[in-house]
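I'd like to walk you through a structure slowly, one piece at a time, so please have it open while I talk.

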Amino acid sequence: MTESTTHPSPKLAHLVLTTGDVDVPLSHVKDAEILRVLPGEQIPVDGVVLAGISLVDESMLAGRSIPVKKRSGSMVVRATINLTGSLVMRVERLRANAWLS
């Protein structure tokens with residue numbers, strides 16, 4: 001992989017609060033919290049999309065390079081890449097219990 005296509009694990013997550021988004025260390029994220037994932041960012045934890053529509057690169061899971069459309073109700077998996085739109089997601093599984101531990 002070239003440097004432009006590698007995506008190191010995020011160290012911060014965009015926590016969605018009623019007062020606005022706040023960047024917090026990924027280690028402080030809890031189950032059921034709401035996060036925002038911006039275009040080009042790696043999905044930080046397993047979860048379900050609550051709002052937004054985007055294409056997600058899941059090639060590291062399925063081996064296929066065709067992006068998968070995600071929208072409200074779609075599951076997203078840690079370490080996949082959000083490609084096109086902003087997603088709001090609810091944390092379902094933290095790293096210890098994630099699909100990819």
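Before anything else, please remember that this is a predicted model. Let's start with a pair of strands. Strand E5, residues 54–57, pairs with E8 in the antiparallel sense, and two bridges join them.

E5 and E8 belong to an open sheet of three strands, in the order E6-E5-E8, with antiparallel pairing. Strand E6 (68–70) and strand E8 (81–82) stand at the edges with a single partner strand each, so one side of each has no neighbour in the sheet. As a reminder from class, strands of a sheet pair through backbone hydrogen bonds, either parallel or antiparallel.

Let's turn to the other sheet. What is the order of its six strands? Reading across, this open sheet goes E2-E1-E3-E9-E4-E7, again with antiparallel pairing. Its edge strands are E2 (20–25) and E7 (75–76), and each of them pairs on one side only.

Let's go through some of those pairings. E1 and E2 are joined by six bridges in the antiparallel sense. They form a hairpin, with two residues between the strands.

Keep valine 91 in mind, as we move to the core. The largest nonpolar core has 14 residues. Those with the most contacts inside it are Val29, Leu35, Ile43, Val45, Val76, Met89 and Val91. Strands E1 (12–17), E3 (34–37) and E9 each supply at least two residues of this core. Which strand gives the largest share? That is E9, with three residues.

What does valine 91 touch, if we skip residues up to four places away in sequence? The list is Val29, Lys30, Asp31, Ala32, Glu33, Leu35, Val45 and Asp46.

Next, a residue I'd like you to click on: histidine 14, in strand E1. Is histidine 14 buried or exposed? Its relative accessible area is 17%, and the cut-off for buried is under 20%, so histidine 14 counts as buried. Across in E3, arginine 36 stands opposite histidine 14. The histidine 14 side chain makes a polar contact with the side chain of aspartate 23, at 2.5 Å. It also makes a polar contact with the side chain of glutamate 41, at 2.7 Å. Leaving aside neighbours within four places in sequence, the residues in contact with histidine 14 are Val22, Asp23, Ile34, Leu35, Arg36, Leu38 and Glu41.

My last topic is charge. Side chains of opposite charge can pair when their charged atoms come close. How many salt bridges are there? The count comes to three.

Let's visit each one. Aspartate 21 forms a salt bridge with arginine 36, with the closest N and O atoms 2.5 Å apart. Aspartate 21 lies in strand E2 and arginine 36 in strand E3, so this pair ties together parts that are 15 residues apart in sequence. Aspartate 21 is partly exposed, at 39% relative accessible area, and arginine 36 is partly exposed too, at 25%.

Then there is lysine 70, whose side chain meets that of glutamate 58 in a salt bridge, 2.8 Å from N to O. Lysine 70 sits in strand E6, while glutamate 58 is in the loop between E5 and helix H1 (59–62), so this pair links parts that are twelve residues apart in sequence. Lysine 70 and glutamate 58 are both buried.

Finally, arginine 90 forms a salt bridge with glutamate 92, and their closest N and O atoms are 2.7 Å apart. Arginine 90 counts as partly exposed at 30% relative accessibility, and glutamate 92 is partly exposed at 34%.

That's my tour, and I'm happy to take questions.

Methods: Residues numbered from 1 in each chain as written. Predicted model: local features only at pLDDT ≥ 70, side-chain atom pairs only at ≥ 80, totals over all residues. Heavy atoms only, no water. Pairing = 2+ DSSP bridges. Helix = DSSP H or I, 4+ residues; strand = E, 2+ residues; numbered from the N terminus. Core = buried A, V, L, I, M, F, W, Y, C linked by side-chain atoms within 4.5 Å. Buried < 20%, exposed > 50% of the residue type's maximum accessible area, 1.4 Å probe, protein only. Contact = heavy atoms within 4.5 Å. Polar contact = N/O pair within 3.5 Å; in protein donor to acceptor, adjacent residues only side chain to side chain. Salt bridge = Lys/Arg side-chain N within 4 Å of Asp/Glu carboxyl O.
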